[in-house]
Amino acid sequence: MPPQTVSLPPPSSRPLVKGDADVVPRIVPVRRTGRWTAAVAVLFLLALALNSVIRNDAFQWDVVLSYFGTVPVLRGLWLTLWLTAVVVVLGFVLGALLAVMRLSGNPVLQAVSWGYVWLFRSTPILVQLLFWFNIGALYPQILGVSTVTLLGPVTIAVIGLTLHEAAYAAEVVRGGILSVARGQVEAAQSLGLGPWRRFRRIVLPQAMRSIVPPAGNMLIGTLKGTSIVSIIAVQDLLYSVQLVYHRTYQVIPLLLVATLWYAAVTTLLSIGQRYVERYYARGTAGAR
């Protein structure tokens, strides 16, 4: 017997007519009711919180505006910015040196670098600052000069913050260098590039992609962390507003003055960090 042919029914119960192949099904977007409900609820709560802050007379916004641009506050802000810049630069210079020591083949240099990082990451920055502030009890004189005269509060703040910053910067730089593929260095060696040119043209540009994000976070953290130097009477931004509210007893509005300045500078630094990240991410998926 000849084989029988079985014809399958069409997917739809409706009989096919001419032109059905040209019909494009309508795409219906998924209704995300939960997402929009959550967004509306969050915006509503934020509006309530913002309204409470603005309309609450206890914040004394008129006092905040009156002190926001005063000379003592601006002088404290300048010292905060200067201290941040000096500490970050010196910290990363020392941190880069420690990272190179850690990556070297010399076991003594490796041990010294590891010990430094362990020590300064194991103790709170406040303890370190208080230790340096009382260093005169251990060494009354340095090179024949009184320690109290040689090491003022600002100098102690720079030393303490820099040594603390260098321990974290060393790990950031070391991690960035280790992120560069070994094959890149070997390829540069095969082209006859010297050690300095290999580092400057091959290793550093690629390492910066991994260094910049945590370095930017460290910069912002250092800016806010400088407020701890007020404990040793360094007249930074926080100490300056403290001097004012100790005299006027307007604690909340003066603290808001410091908060707004910290937020403004942090925002500018975050924008700058974004542009630096985009610069070093050119030619990669992160360049957007």
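Let's start with Thr 226, which touches Thr 80, Leu 83, Thr 84, Leu 161 and Asp 236 once residues up to four places away in sequence are set aside. Touching, or contact, here means heavy atoms within 4.5 Å. Thr 226 sits in the loop between helix H9 (195–225) and H10. Is Thr 226 buried or exposed? With 0% relative accessibility, Thr 226 counts as buried. The cut-offs go like this: buried is under 20% relative accessible area, exposed is over 50%, and partly exposed is in between, using a 1.4 Å probe and protein chains only.

Before going on, a word on where this comes from: the model is predicted, so local features need pLDDT of at least 70 and side-chain atom pairs count only at pLDDT 80 or more, while totals for chains, interfaces and linings use all residues. Residues are numbered from 1 along each chain as its sequence is written, and side-chain values use heavy atoms, with hydrogens and water left out.

Thr 222 lies in helix H9. At 8% relative accessibility, Thr 222 counts as buried. Leaving aside neighbours within four places in sequence, Thr 222 is in contact with Thr 84, Val 87, Val 88 and Glu 165. Thr 84 also turns up among the residues that Thr 226 touches.

**The whole chain**

Zooming out, the chain has 11 helices and 2 strands. Both kinds of element are DSSP runs numbered from the N terminus: helices are H or I with at least four residues, and strands are E with at least two. Read from the N terminus, the order is α-α-α-α-α-β-β-α-α-α-α-α-α. Of the 288 residues in the chain, 31% are buried. Among contacts with a separation of 6 or more, 73% are between residues 24 or more positions apart.

Two packed helices are described by the angle between their axes and the distance between the axes. The axes are lines fitted to C-alpha atoms, for helices over the stretch in contact, and the angles run from 0 to 180 degrees between N-to-C directions.

| Helix pair | Angle | Axis distance |
|---|---|---|
| H3 (residues 71–103) and H10 (residues 237–248) | about 160° | 7 Å |
| H10 and H11 (residues 251–280) | roughly 165° | within 9 Å |

How are H3 and H10 oriented to each other? They are roughly antiparallel, and H10 and H11 are roughly antiparallel too. For these labels, angles under 35 degrees count as roughly parallel, over 145 as roughly antiparallel, 65 to 115 as roughly perpendicular and the rest as oblique.

The crossing of H3 and H10 is right-handed, and H10 also passes H11 in a right-handed crossing. Right-handed means that the near helix is turned clockwise from the far one by less than a right angle, and left-handed means anticlockwise.

On the H3 side, Pro 72, Val 73, Gly 76, Leu 77 and Thr 80 make the contact with Leu 237, Ser 240 and Val 241 of H10. These residues divide into 5 nonpolar, 3 polar and no charged. Ala, Val, Leu, Ile, Met, Phe, Trp, Tyr, Cys and Pro count as nonpolar, Asp, Glu, Lys and Arg as charged, and the others, Gly among them, as polar.

Towards H11, the H10 residues Leu 237, Leu 238, Val 241, Val 244, Tyr 245 and Thr 248 meet Val 251, Leu 254, Leu 255, Val 257, Ala 258, Trp 261 and Tyr 262. That contact splits into 12 nonpolar, 1 polar and no charged.

Setting aside neighbours within four places in sequence, Tyr 239 is in contact with Ser 230, Ala 233 and Val 234. Ala 233 is found in the loop between H9 and H10, and its phi is near 70°, a positive value in a residue other than glycine. Most residues other than glycine have a negative phi.

**Aromatic pairs**

How many aromatic pairs does the structure hold? There are 6. Rings of Phe, Tyr and Trp (its six-membered ring) pair if their centres lie within 6.5 Å; planes under 30 degrees apart count as stacked, over 60 as edge-to-face and the rest as tilted. Phe 59 and Trp 61 are stacked, 5.8 Å centre to centre with 20° between the planes. The rings of Tyr 116 and Phe 120 have centres 4.5 Å apart and planes at 35°, so this pair is tilted. Both Tyr 116 and Phe 120 are buried.
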